[in-house]
Amino acid sequence: MATDIVMPQLGESIAEGTIVKWLIPLGGHVQKDQSLLEVETDKVALDIPSPATGSLTEILIQEGETVPVGTLLARLDYHSESGNGDPVTTPVQPSASFGPGYSTVSGAPDLLSPAVRELVTKYQVDLGRITGTGMNGRITKKDILEFLDKQALLREEAGDSPSVQAASTASSLGEDLIPLSPMRRTIAERMVKSRQTAAHVVTFFEVDFTTVEKARQDLHLTYLPFVIKAVTRGIAAFPILNSSWSAKGLVLKHAMHIGVAVAIDEGLLVPVLKHADQKDLLQLGREVADLSQRARSKQLRPEEVQGGTFTITNHGGTGSLFSTPIINQPQIAILGVGAVQRRAVVVNETVDIRPMAYLSLSFDHRAIDGATADQFMLMVKSVLEQPAWEVTR
Amino acid sequence: MEISQSEFLHLYYYLRLTRALEERVTTLYRQGRIVGGAYTSHGMEAISVGYASALQADDIIAPFHRDMGAFLVRGITPGEVLAQYLGKRTGPTKGKDGNVHMGDLKRGIFAFVSHLADNLPVATGAALAFKIRGESRIVATNTGEGGTSRGDFHEALNFASVRRLPVVFFCNNNQYAYSTPLHHQMAIKDVVERAKAYAIPGEIVDGNDVVSVYLTAQRAFQRAREGEGPTFIECKTMRMHGHSEHDSAKYVPRELLEEWKKKDPILNAERQLKKLGYADEPDFHEIHMRVEKEIESAVEFAEQSPLPEGPEALEGVFAANPVEVLI
Amino acid sequence: MTTSAIAHEVTYLEAISQALDEEMSQDERVFLMGQDIGPYGGAFRVTEGFQDKYGEWRVLDTPLSESGIVGAAIGAAMMGMRPVVEMQFADFISCAFDQITEMAAKNHYRWGAEVPLVIRAPYGGGTHGGPFHSVCPEAWFFHTPGLKLVAPSTAYDAKGLLKAAIRDHNPVLYFEHKFLYRRIKEVLPTEDFVVPIGEAEIKREGGDISVITYGAMVHVALDAAEALDQEGIDMEVVDLRTLSPLDTDTIKDSVRKTGKVIILHEDTKTGGIGGEIAAILAEECFNALDAPVMRIAAPDIPVPYSPPLEDFFLPKMNDVITAARQLAAY
């Protein structure tokens, strides 16, 4: 008995995925729930567990290939291993358990649902080329969408795509062409889109990290949890910073889900600390460490990179002093944190050596004005410079 | 207690204004210019004029459909009343509701609903607000004897008494609930009996004597203002027209109407004004002419006012919240 | 220096209590009326200790007089107060039907008088309350223009929606599900927050089938979604949160994505809110439908008392699973 391995839907907006690596070789044995392959999408990279115990009898899509969600990737034979002929998915039950108040549905083989009719008209689909997988062979919406995806894939493979032409040209000129990974494409798309839509303005503040320095040594933390804490306090005072742009108006988010940009080998991921305002410094420290570690090892779940309401990028980690970050749409601001450096500063009319850093706030001038942005930054600065830190929420 | 000349002339003016306005309503109804029903307080004007005149400016009334005098005393103009009857945009409900179904919080008037006695719990609630906030404002509410058979009447009296709320309940006992005579409505002779069960002091007054209503109301209002709780005042009267203007009221014996005609509240007031030396025929004529003129211009205002546009029907189901989620 | 705060989990019931407490302490116009809410603290102990804190006149014990009390709340609301009336059980709201549907619902439309009134209605079955302590009465009021209806499914929504209801300028019926009172809990934000009235929430994202539901049934739907996940059926759970005015955009967006829909509610089927949603989808999302719209609701009978009867009556996870499998295969 064989089961199909298909490209999973990793998050609601994901249309395709790239096979990074087959973790089980062809013919290899795999346990149910053991990692079978590594897949990357434009949002996450993660391991896909096997749906059953068995041996990998067929690999249809090779490493490095990008295919639409639902594409058949491989086949797993588990008949020989378990001797159990049960299919993996539970078959449709008759509706016997329904009480008197419930509806049941029945299909007709030649029935085209309104959704299917619309797609057929829109894309001029030849229904003769599609085999229905629905009840009594009904052609479902999914069948049409999968068919359309395959058609698009075939056109690309036919060799008329610009990337293939560019590749041949590049190599002939003594240059190397680096293919764009899905993550690279996504980053490129989103950054350009953000630049094109938002009215970016950047404001800079200098912050004295003396008390943070002391507290973080006591608590064995990085600077980041303190910055996150200061940002949540800033948002509490100026909630508008926690809104997102929409055509109808600014949507003010009540929950503070703070995204933290993490550099990984392939690019950049922004895991999100949910309800960051409700967590104490130690919790924030733990979660930042956990999310960064799992971002690098591609263990993030789709929901862990979604739903952010404000983003922090810690470019100082690589020695950068200033930066003008690009806003993570549809949010309206992003905070850049520069490197903390010991500098001579004037304090109480004398020169003192203090750990200092530059903070930059890129904000969308469509949504807020400079005065609001600066008041928010003053709040963040004053929280970071508070005389004594406590591990409170 | 005595009534001053200026107070009495004020009451008399409003009796005449109410009578003249409602007579005009009847005329407009018979001419087919009023599209819906028309309900008047003909012969019962002394009750609403009397109690409403005894209130202070920031008090509240929760009236019913025989209370035209109270609406006018509280500042609803005859023009607004006629605009309301004609379904015009200038009426207090902008055409959303008809006839006497109108209110205005700025003028301290709760609009009533057709479900009679529903306004009584609402009146007690306003009194509760005043009590909680320690204000000396009071509420006056009125219903017919018909409405006193409903549960809301009893729930309102009970709650008002338990919490000693500053509300005064009037009952316009006009002997008929539509066509049903009093003895088929209740097994007691006087509606005031009902108040006893709630330990509310009750009084019976001649509802056709505006001065009696006025002075009794004043005393009850004073009690309420001083924290002594509610009073129930039964005003005995007679409905001289049908339930509404389409109803010929043939079920009411003619001799009963003839008898009550002699007790007409306007004639009654005139007799007393003359006796007290406060006014005489030339004064009555002068007031009558003034009132007629007011009604003429009210008709003109109402007729020249625009009707609402159909889609305005969609407006106002909800009050807008000042705090919106989208900013 | 390091006093680590432990996040405190709050039940659905405590969330309601917190919302009342916070609104009363920050707005002196807010006051409570109801039966046994004073020294006794309410039949479900939502207002325990409130009378000591706010006094007899802001936590007002009333006679058995639902119509009179709702009427009084309307009068107080029109005089600038913010009354919150507790029905001891939602079932008894029928006694106040007239005041709610004729007075509260129509005042603003007729003559512009705002009625900022909240009626809390502890509703729903699963607690062996029988025909008079289990009812879901929302559909009676769903049909009445001028009322807002909310029905939270989580502690967060319970608190946020009650605060929003109290701050709203209109009459709001707040349906709190008795079965959830002490069965669910979560950590709530310490700051002031509201859940805006009129916004549904996707409680679980999914691509195959939309389940549109509210109240205790949200949890039934989520359990079913978890179970179906293992079968490769990816259900989206839309929690309406506000029943009136309905967030039709969120409903339609979800159905346009999935093409298949189950409408699930605990209230009886005929004339229930599900029928209206099905009609909206038929009118406005016809071209997005890839399968018949299915309703799962209680049968058209009063809520029976005996456990096997009540269990039969209430929609269950298996009903959702069976319907979802049919739709997935369709």
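**Strands, helices and a contact**

Reader: Which residues is A:Val39 in contact with, leaving aside its neighbours within four places in sequence?
Author: Beyond those sequence neighbours, A:Val39 is in contact with A:Gly17, A:Thr18, A:Ile19, A:Val20, A:Leu46 and A:Ile48. Being in contact means that the C-beta atoms, placed from the backbone, lie within 7 Å. By the way, this is a predicted model, where local features need pLDDT of at least 70 and side-chain atom pairs count only at pLDDT 80 or more, while totals for chains, interfaces and linings use all residues. Residues are numbered from 1 along each chain as its sequence is written, and chains are lettered from A and ligands numbered from 1 in the order in which they are written.

Reader: Why does A:Val39 count as buried?
Author: A buried residue needs 20 or more other C-beta atoms within 10 Å of its own, while 12 or fewer makes it exposed and anything in between partly exposed. A:Val39 has 22 such neighbours inside 10 Å, so it counts as buried. Its place is in strand S4 (residues 35–40) of chain A, strands being DSSP runs of E with at least two residues, and helices runs of H or I with at least four, numbered from the N terminus. The C-alpha atoms of A:Val39 and A:Ile19 are 4.7 Å apart, though the two sit 20 residues apart along the chain.

Reader: What makes S5 and S7 of chain A edge strands?
Author: Each of them, S5 (45–49) and S7 (66–68), pairs on one side only. They belong to an open, antiparallel sheet of 4 strands in the order S5-S4-S2-S7. To pair, two strands need at least two bridges found by DSSP. S2(A) (residues 16–22) and S7(A) have 3 bridges, in the antiparallel sense, and A:Gly17 has A:Val67 in S7(A) as its bridge partner.

Reader: How do you know that S4 and S5 of chain C pair?
Author: Strands S4 (residues 82–86) and S5 (residues 118–123) of chain C run in the parallel sense over 3 bridges, and C:Val85 stands opposite C:Ile119. They lie in an open sheet of 7 strands, ordered S3-S2-S4-S5-S7-S6-S12, with mixed pairing. Its edge strands are S3 (59–61) and S12 (242–244) of chain C.

Reader: Why are H5(B) and H3(C) called oblique to each other?
Author: Their axes come within 6 Å and cross at roughly 55 degrees. The axes are lines fitted to C-alpha atoms over the stretch in contact, with angles from 0 to 180 degrees between N-to-C directions. Under 35 degrees is roughly parallel, over 145 roughly antiparallel, 65 to 115 roughly perpendicular, and the rest oblique. H5(B) and H3(C) are therefore oblique.

Reader: Which residues of H5(B) and H3(C) meet?
Author: Among them are B:Pro121, B:Val122 and B:Leu128 in H5(B), and C:Ile74, C:Ala76 and C:Met78 in H3(C). By class, this helix contact has 11 nonpolar, 6 polar and no charged residues. Nonpolar covers Ala, Val, Leu, Ile, Met, Phe, Trp, Tyr, Cys and Pro, charged covers Asp, Glu, Lys and Arg, and the others, Gly among them, are polar.

Reader: How many residues does the contact take from chain C and from chain B?
Author: It takes 35 residues from chain C and 37 residues from chain B. On the side of chain C that touches chain B, H3(C) gives the most, with 9 residues. That side divides into 16 nonpolar, 13 polar and 6 charged residues. As for chain B, it has 12 helices and 7 strands, and 52% of its 327 residues count as buried.

Technical notes
Two residues are in contact if their C-beta atoms, placed from the backbone, lie within 7 Å.
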